[in-house]
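This report looks at one part of a structure and describes what surrounds it. Please keep the sequence and the model in view while reading.

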Amino acid sequence: MSKDKKTIEDYRHLVASKDITVHLTQDQQAMILKTYDYGLNAMTDIDEMLLSAIIRQLKTAIHPEA
């Protein structure tokens, strides 16, 4: 992968305009709210791992072939 940062346009061809559904645990939902309130810079290592798992779950729902 190139060291150049990609833009959102680089990913649009990978997705379709559709609704997706994911099921989040109570802890995952709480992490989303905490991240929204305090931002990414306030996260602990455990917070980062939990948010990463949420993002991975979303990615799989958006683009299951990858």
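## After the helix

In this predicted model, helix H1 is followed by Gly39, a residue whose phi is positive, near 85°. The helix itself has 13 residues, and from its first C-alpha to its last it reaches 18 Å, which is close to the 18 Å expected at 1.5 Å a residue.

Which residues of H1 are buried? They are Gln28, Met31 and Thr35, and, seen down the axis of H1, the buried residues fall within an arc of 55°, so they line one face of the helix. In general, an α-helix has 3.6 residues a turn, so residues three or four places apart point the same way.

On the other side of H1, the exposed residues are Gln26, Leu33, Tyr36 and Asp37. The cover over the buried residues of H1 includes helix H2, which spans 45-62.

## A closer look at Gln28

Gln28 has its place in helix H1, which covers residues 26-38. Is Gln28 buried or exposed? Its relative accessibility is 9%, and because buried means under 20%, Gln28 counts as buried.

The side chain of Gln28 reaches the backbone nitrogen of Thr25 at 2.7 Å. When residues up to four places away in sequence are not counted, Gln28 touches His23, Leu50, Ile54 and Gln57.

How values were computed
Residues are numbered from 1 along each chain as its sequence is written. This is a predicted model: local features need pLDDT of at least 70, side-chain atom pairs count only at pLDDT 80 or more; totals for chains, interfaces and linings use all residues. Side-chain values use heavy atoms; hydrogens and water are left out. Helices (H or I, at least four residues) and strands (E, at least two) are DSSP runs, numbered from the N terminus. Buried means under 20% relative accessible area, exposed over 50%, partly exposed in between (1.4 Å probe, protein chains only). A polar contact is a pair of N or O atoms within 3.5 Å; within protein, one must be able to donate a hydrogen and the other to accept it, and residues adjacent in sequence count only if both atoms are side-chain atoms. Contact means heavy atoms within 4.5 Å. The expected span of a helix is 1.5 Å times one less than its number of residues. The arc is that of the directions from the helix axis to the C-beta atoms.
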